[in-house]
Structures are given as C-alpha cells and as structure tokens.
Amino acid sequence: MQIKTIKVGYLRTNCYILSDEQTHDAVVIDPGDEADLILPELAGLKVHYIIITHGHYDHVGAIADVKRLTKAKTVWHEDNFLGQADWVLHDGDEIKFGRVTLKVLHTPGHSPGGICLYTKGHLFSGDTLFYTTYGRVDLQGSSPRQMSESLQRLAALPDETIVYPGHEEFTSIGQEKEFGTIG
Ligand SMILES: [Zn+2]
C-alpha cells in the first residue's frame, strides 16, 4: 500500500491518499480543504471511497470537489453528524480497495461517530490519537469517558502499528504506550 500525506487548510489537517501500487485502486481519507492540492495527486488512481474519520469542518471541506472529479462514494460512521453518506459505516466494517482491506474501528470521544481505520501495520487515527497526546474532549459532542474507552481499544493493537493522525506527526502504538497516552 502506498500512502501519500497532504497537509491541507489552516489547521494543517493530514489528508491521506492510500493506493494499491499495482492496481491503482485508491481511497482518500479526510479531504479537509484545498482540493487544488489534493486533486493533482489523484491522477492515474481509481478512487473508490472518500472516507471521513469525523465530521469536524477541517476534515471535510474538500469532499464535494473530490467527489465531483472522482465519482467516489462518501463513507462515514452512522453517528457522524454530517448527514447521509453513500455508505454508512458500522464498527467492524471492512473497506476494500485493490488488495487492501481497512477495518473500521468506532472510536468516539473526540467527536460522535469518530472512527479509526486499521490495516496490518497502519492505523489512520483521525483526531482520536496523536503523537504524545489524544484528541480534545471539551468540544460539543465530546466525551472523556468514550475517549478513554477508545484509547484502550487502540492500545490492544500491535505495538509496531504506525499511527497516521489527523494532524501533526506520525507515531506508533508502542511509542504512545511508552508515553502513557494509551494503555
Ligand atoms: Zn476534530
């Protein structure tokens, strides 16, 4: 799986483009803003899904532009407040493109319907888990209790799993256990 990171918008949201390098099947995670930066990176790819980790504005701003160009299906969790997606996700669902399968982990706490996406070795964590910290739990729809349950769930993933958060730098499950962010 090839992973491209594009930092978009005023909050420098990490938009991820994941693709199977052989089949060129792809997905876009959190096209937050600046479609003009994202769209050129999609050339030659068959984008099947636009996956949204949670509904905050800095993760969703370029959905319409990416959809217009790619005709990809929008995908998010049923508790997300964005309204109806083309495909409404539930915990444990699997999103497949090329030879890649992403497993949906419902991880509320920062935002209702927040999800992380896991495939062996990689976790796309939205605003749930960051380098040395976790997402804010003082916003509308946040829940500190749910966040602590979600982080415990992530702590059960293999230590070597690389974490690709919604903002800032990459980390790993093992490193965040050492830092005491999770587990
Ligand atoms: Zn957020």
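Four helices and 14 strands make up the secondary structure of the protein chain in this predicted model. The radius of gyration of the chain is 15 Å, close to the 16 Å that the globule rule gives for 183 residues, so the chain is as compact as a globular protein of that length. Along the principal axes, the C-alpha trace spans about 40 × 35 × 30 Å.

Of the 183 residues, 52% count as buried. Contacts between residues at least 6 apart in sequence were also examined; 52% of these join residues at least 24 apart. The accessible surface of the protein chain amounts to about 8500 Å², and carbon and sulfur atoms account for 49% of that area. The chain carries 16 positive and 25 negative charges, whose mean positions are separated by 5 Å.

An unreviewed UniProt entry places the feature "domain: Metallo-beta-lactamase" at residues 12-167.

G44 and H24 are separated by 20 residues in sequence, and the C-alpha to C-alpha distance between G44 and H24 is 7.1 Å.

Methods. Residues numbered from 1 in each chain as written. Predicted model: local features only at pLDDT ≥ 70, side-chain atom pairs only at ≥ 80, totals over all residues. Heavy atoms only, no water. UniProt positions renumbered as here; feature names shortened; annotations may be inferred. Helix = DSSP H or I, 4+ residues; strand = E, 2+ residues; numbered from the N terminus. Rg over C-alpha atoms; globule rule 2.2 N^0.38 Å. Buried < 20%, exposed > 50% of the residue type's maximum accessible area, 1.4 Å probe, protein only. Contact = heavy atoms within 4.5 Å. Areas by Shrake-Rupley, 256 points an atom, 1.4 Å probe, with all protein chains shown as cover. Lys, Arg positive; Asp, Glu negative; His and termini not counted. Charge placed at Lys NZ, Arg CZ, Asp CG, Glu CD.
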